[in-house]
Amino acid sequence: MNKDDIVKELKEGNMRFITDKCTYPNQNKEYIKKLAKEGQKPIAVIVCCSDSRVNPVLFFDRGFGDFFIVRTAGNVLDSHAIESIEFAVNNLKTPLILVLGHTKCGAVTSAIKKQSEDVNGGAIMKSIKPAVDEANSQSGCIIENTTKNNTQNMKDILKNINFKNKVDIISGLYDLETGEVIFYEL
Ligand SMILES: [Zn+2]
């Protein structure tokens with residue numbers, strides 16, 4: 001599958017989800033047995049927030065083995081997250097990475113409110129800060145702009161990695177209220 005095919009799958013799955021037409025593929029015991037035996041071949045790496053309301057398998061209407069998911073609060077990347085992504089691209093040959101922000105992200109809001117001192121050493125806040133700084137000089141909603149800038153910054157980090165296999169990197173936004181995913185640059 002190439003990038004366009006995968007994005008089409010993701011869009012179709014999300015459309016099924018938001019229109020209550022889910023088919024719940026790849027979610028039975030027979031299928032997990034097959035995956036255990038034959039190994040995983042995820043169609044995409046998804047970098048998203050740890051927020052319990054963000055669940056890519058559900059809102060893309062997919063199942064086991066479909067996504068290699070890396071989650072941190074604020075969907076930021078550190079060395080552990082990056083190595084996990086490298087494993088998927090280099091070893092599992094996953095051809096697409098989607099960096100997915102979401103609306104009403106607590107980590108993003110905290111970074112805007114400069115609560116870094118309060119949050120476990122502030123590593124996550126530091127990673128989001130460049131997105132806040134950029135948003136301060138942009139017009140429009142600072143939360144929306146920071147969220148978008150942050151996914152862009154994470155995408156840029158990934159674009160600077162020399163993966164052993166070809167990989168496309170895209171980004172998007174998940175709306176917590178509607179369940180809809182918007183792809184930024186397609
Ligand atoms: Zn979040």
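Visitor: Which residues is L98 in contact with, once its neighbours within four places in sequence are left aside?

Guide: In this predicted model, L98 touches A44, I46, I170, S171 and G172.

Visitor: What share of the contacts in the protein joins residues 24 or more positions apart?

Guide: Among contacts with a separation of 6 or more, 69% link residues 24 or more positions apart.

Visitor: In what order do the elements of the protein run from the N terminus?

Guide: The order is α-α-β-α-β-α-β-α-α-α-β-β, with 7 helices and 5 strands in the protein. The radius of gyration is 17 Å, close to the 16 Å that the globule rule gives for 186 residues, so the protein is as compact as a globular protein of that length. Its C-alpha trace spans about 50 × 40 × 30 Å along the principal axes, and 34% of the 186 residues count as buried.

Visitor: How does one read the faces of a helix, and which residues of helix 1 are buried?

Guide: An α-helix has 3.6 residues a turn, so residues three or four places apart point the same way. In helix 1, the buried residues are L10, G13 and N14. Viewed down the axis of helix 1, these buried residues fall within an arc of 100 degrees, so they line one face of the helix. The face turned away from that buried side carries the exposed residues D4, D5, K8 and E12. The cover over the buried residues of helix 1 includes helix 3 (56-59) and strand 5 (181-183).

Visitor: What span should helix 1 have at 1.5 Å a residue, and how far apart are its end C-alpha atoms?

Guide: The 16 residues of helix 1 (residues 3-18) should span 22 Å, and the end C-alpha atoms are 22 Å apart, which agrees.

Visitor: Which residue with a positive phi follows helix 1?

Guide: That residue is D20, with a phi near 60 degrees.

Terms used. Residues numbered from 1 in each chain as written. Predicted model: local features only at pLDDT ≥ 70, side-chain atom pairs only at ≥ 80, totals over all residues. Helix = DSSP H or I, 4+ residues; strand = E, 2+ residues; numbered from the N terminus. Rg over C-alpha atoms; globule rule 2.2 N^0.38 Å. Buried ≥ 20, exposed ≤ 12 C-beta atoms within 10 Å, placed from the backbone. Contact = placed C-beta atoms within 7 Å. Expected span 1.5 Å × (residues − 1). Arc of directions from axis to C-beta.
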